[in-house]
Amino acid sequence: SQYSNPVQLEINGTRDTLFYLNGGIFKMAVESTNLPADPFILQNNERVFLFLGVDPVNGDIYASNPKDYLSAGIVYRFNKKGFLYFSF
């Protein structure tokens, strides 16, 4: 969008796909000239992402929210197709 603020730029292990946070997890091919319009993985009121990482070996996507830094935060693990494996 016009007022986007992408953060936490990550690249996969094969170095052909970029991931970033911008109100959800976005995914785009490195050779793409257009930003994706819709998130690859949605964020909502209960699932908020502040940090992002991509496993260079298997392509799993890790997103986390430390919440208020006093209570327990949460980490989400998605496979490279965007399916949520689990959270802890």
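Here are some worked exercises on the fold, the strand pairing and a few individual residues of this chain.

This is a predicted model, where local features need pLDDT of at least 70, side-chain atom pairs count only at pLDDT 80 or more, and totals for chains, interfaces and linings use all residues. Residues are numbered from 1 along each chain as its sequence is written, and side-chain values use heavy atoms, leaving out hydrogens and water.

**Exercise 1. Work out which elements make up the protein chain and how compact the chain is.**

Step 1: Start with the elements. There are zero helices and eight strands; helices (H or I, at least four residues) and strands (E, at least two) are DSSP runs, numbered from the N terminus.

Step 2: Check the radius of gyration. For the protein chain it is 13 Å, close to the 12 Å that the globule rule gives for 88 residues, so the chain is as compact as a globular protein of that length. The radius is taken over C-alpha atoms, and the rule is 2.2 Å times the number of residues to the power 0.38.

Step 3: Look at the box and the burial. The C-alpha atoms fill roughly 40 × 35 × 20 Å along the principal axes. Of the 88 residues, 28% count as buried; buried means under 20% relative accessible area, exposed over 50%, and partly exposed in between (1.4 Å probe, protein chains only).

**Exercise 2. Trace how the strands pair, beginning with the open sheet.**

Step 1: Four strands line up as β1-β2-β3-β4 in an open sheet with antiparallel pairing. Two strands pair if DSSP finds at least two bridges between them.

Step 2: Find the edges. These are β1 (7-11) and β4 (41-42), each pairing on one side only. Two bridges join β4 to β3 (residues 24-29), and I25 has I41 as its bridge partner in β4.

Step 3: Move along to β6 (residues 61-65) and β7 (residues 74-78), which pair in the antiparallel sense over five bridges. Here Y62 partners R77.

Step 4: Carry on to β8, which runs antiparallel to β7 and is joined to β7 by three bridges. F78 partners L84 in β8. The two strands form a hairpin with five residues between them, and G82 in the turn has a positive phi of about 95 degrees.

**Exercise 3. Find the salt bridge and say where its two residues sit.**

Step 1: A search of the whole structure turns up one salt bridge, meaning a side-chain nitrogen of Lys or Arg within 4 Å of a carboxyl oxygen of Asp or Glu.

Step 2: The partners are D60 and R77, at 2.5 Å, N to O. D60 is in the loop between β5 (51-54) and β6, while R77 is in strand β7, 17 residues apart.

Step 3: Is D60 buried or exposed? D60 is buried, with a relative accessible area of 2%.
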